[in-house]
Amino acid sequence: MTRPLLLSVEKVTKSFGGLIAVKNVDFQVEQKEIVGLVGPNGAGKSTLLKIINRFYRQDTGTIMFEGKDISRLNSHQVCRMGISGTAQIAQAFPDMTAIENVSIGVLFGKPGRTSVNEAKKKAVEVLRFVEFSENKMETLAKNLNIAELRRVQLAKALATDPKLLLLDEVTTGLGHLEGERAIEIIRKIRLRGTTILMVEHIMKVIMGLCDKVIVLDHGEKIAEGTPKEVANNEAVIRSYLGESSDCSK
Amino acid sequence: MPLEISLSTLVQIVIWGLINGCIYVLLASGLNLIFGVMKVVNFAHGEFMILGGYVSYWVSIYAGLNPYFSIFVSIGVIGIVGVLTERVCFRRVLGTSKLNEIVLSLGLIYVLQNAMSVLWTDKERQISSPFEFITVHFEIININMRLDLLIVIGVTVLIMAGFYILIKRTKIGRAIRATSQNRSAAMLMGINVEYMDMFSFGLGTALAATAGTLLAILFPALYPQAGAMPALKAFTIIVLGGLGSTIGAIVGGLAYGLAESSAIAILGGTWRDAIAFAILILVLVIRPTGLFGEKEA
Amino acid sequence: MKKRTQLILAVAIIAIIAVSIAAYYYLTVPPERTIKIGLVASLTGPGSAEGADMQRAAILAVEEINAAGGVYVSEYGRNLTVTLEIGDDKTKPADGVIAVEELIKSKNVDVLVGGLSSSVTLASQVPAIDNNVPFVITGASTPQVTRRTDKNTSYMFHYCTIIDDYSETIVKFLNHTVRPTLIDEGRMDPERNLRLAMLVRNDAYGIGCYDTTVRFINDLGLPIEIVEYQKFEPGATDFTTQLTLIQAAKPDAVYHAGLTAESSNLVKQGLQNVGLKTIYIAVEVCQTPQFYEILGSWGDYQILESKFGSKAASYSDAVDTYIANYMQRWKDAQGNPIIPGMMGADTYDAIYLICKAIENAGTLDKAKIRDEIENIEMDQMLIMMKNGMIWFDQNHEIDPISFIEQMTWNSTTSQLTTYIVYPDSLKQRDFELPPDYENEYS
């Protein structure tokens, strides 16, 4: 089964100082697909996400989104084109309420004009979708706990009506129960038909959710395939040997 | 200060404090906005204020416009000057190093001061108001007040109310707040932060222009070097009110104005400017985050 | 080389050098000697209004003297022309020192004149003292310029009113004229003291005005008390809080000591912002064209202590001629007539007295010029003297007549004019209380 192509990363390299974080990586994401980016710590997964949302600029290589070259665009531009996501460290506007935080995404994250009131309604809707607690809707972000912040962040990303949702370690730092609920929400998002590119540490999460898995090690792609194929790939097993604890989780 | 100070004298001292406070509120709010969004201290803020005063002075003389209406011309002109300054100067050095930003805004002080010297000479000027000779009597506290003082308070309230609504209620206000609270998150949420820099700088300098016009209507304080001390005081006020806090700048500005007039009344006129440093040091020692500021998460 | 050749060569070289030196001295005509007067003035900074007036007056005096043929100096057996060298002290002590050193060392001036602002002049006079250059000070009002004890001030002369003169004239005017007027108009209980408030610049000049006022009230035993004493920083533009406190003290009059901009603006703010409707008495220091310009109609009925009434109706032929010449000279040069100020008048007189002293000395030797300035005796010019003569006392100070002027707003010409209201010998009009005057009894 072939679906239309949404994102295409071509020969992307990025280094910080002398350290190469991402090296010559190629991969593609098809529409309505859930793709997992895995690899040990420091493999360049988050860097790759940040290159796609244009937080970082790649040294070489091209990124195509819906057939358009986005390699020279800025974050706010690709956001309006439909790429949105969450970051590993919860990023919120501390002096705004949960609703205000999310409505920023509605107001600025997508093309077209939205009034402040419409944005507020939409924000409540999205917050409910991510099962954010009703009585914290008007709480300032700086007074929310980490799990609540993660939901706000997810809601912010969804509020921009993304075509491609980038998720960076949504379960990291959460308790077991919170983690399970986060995965449930991702399943719900998937049902809406949103394409997802997710970085995840925990193999179990990837195995259960993804259509395709890409494995990075030291900035290079070492494997790509269905979860099952990847799990049996020798190179992957080798690269994970040093981090067996992560693999076994 | 005589201990048997009468109520009307006390009221008047408070009024002088609040009127100066109005000017400081306008000046500090602009400085605060620029700092909030760009994380840059615009040391040349006082010069934009004086430049705004001169624009109003020119417009009121050559176009014969009522000085209170010339504020709007001044807001427009200085707003554009501010936007261009951001685009041409600050955009280039923003984020390179703090030192570059400081040197740039210090350099702007001299460029603007010299430009003003060439255009308007070093002579002190005052904008003359058509209501110069009108006073209003308040029976209850038995004081006479110059009408212009009431207008200055009124204009400040209107401008600050407008500014507050802009920041709190409008779409662009949300974008400004988002950018100042978390620049990278704002960027990832589709906000063009470079546009926000330009807009905030222009809006901040336009507020300074309002302050400059009102100052020049009340006092003969229009000369090229006149901006230095008020800018320093505005900086003290935003530290006092809490960096980045809009309410902090308003409360801080009024409180500072009151502190200044009380200092003159209690300690003597020579303490007027010294009080700024005293407050700055005191706040930095006792509550470095200011009255309305909080530690960054 | 042979010894003889060496000898011839040496002799030849020595001969060539000797001949060239002789030829240099013989052929070089020394540049024509002129009398070089160095003017120390504040052309920039807060004192620039006063400095510009001093400069204009000095140029006028020098032009007049040269037009009349210059100054006869017997040592040269002919008349020498006068050249003016100008040094800008930038109204700052450090720059004043630099300006005076440059006038002495590179411009080689014979004598110095000028010097505005007490603090600046106390610094800038030091190079003149150290190099024994006669200096006639025409701006700074502190008596210390000739009375300081840390330096030998024998080459220093003070040709202007000193702080003591201002305060003496003002307290006498208050007692002689204001107090009886208030009593006559039923504004004051004859038994009580006149209530005076003071608002002064926080520097040697302003505080000096306060100290001397207290001293004269006590020494002369006058029924005046100082009910409020407030200060402001140099360069201040907002005086409202101080004026409010003064208003609370219910004074009969306010004596204020500032420079042009400060004094005119504080009167305006007192009347306009604070509503303190009283008599404001200014000191001559602020008497420049800008003073009247800034005050405008707010100056109506207000008071100025002076010794040069540039806006008063004619009280002296010399002053009338000077004002006419001054205004014409600067109208020709700059397109519109400029009204002369007080410190320019001092400077103008001082240049004439310097030239007279040089003529008496018959030489440009600085010590002899100093002696002749010390012994000068000539008719008064613009500044009126108590015995009609210009002479210096043992403190190297003059004995001028200061008077009190009352300003009047002429609404048809939109200008302030002044009339002398004290002392009686010069009085042109009677002092009048402002129609909206308020004090304790209002």
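A residue counts here as buried if 20 or more other C-beta atoms lie within 10 Å of its own, as exposed if 12 or fewer do, and as partly exposed in between, with C-beta atoms placed from the backbone. This is a predicted model, in which local features need pLDDT of at least 70, side-chain atom pairs count only at pLDDT 80 or more, and totals for chains, interfaces and linings use all residues. Residues are numbered from 1 along each chain as its sequence is written, while chains are lettered from A and ligands numbered from 1 in the order in which they are written.

Let us start with one helix of chain A. Helices (H or I, at least four residues) and strands (E, at least two) are DSSP runs, numbered from the N terminus. In α4(A), the buried residues are A:Ala119, A:Lys122, A:Ala123, A:Val126 and A:Leu127. They line one face of the helix, because seen down the axis of α4(A) they fall within an arc of 140°, the arc being that of the directions from the helix axis to the C-beta atoms. An α-helix has 3.6 residues a turn, so residues three or four places apart point the same way. The cover over the buried residues of α4(A) includes α3 and α5 (146–159) of chain A. After α4(A) comes A:Glu131, with a positive phi near 60°.

Stepping back, chain A has a domain assignment of domain 1 (1–82 + 163–176 + 194–249) and domain 2 (89–161), with bounds that come from an automatic or database domain assignment. Taken over C-alpha atoms, the centres of these two domains of chain A are 25 Å apart. Domain 1 of chain A brings 6 residues to the contact and domain 2 of chain A brings 8, two residues being in contact if their C-beta atoms, placed from the backbone, lie within 7 Å.
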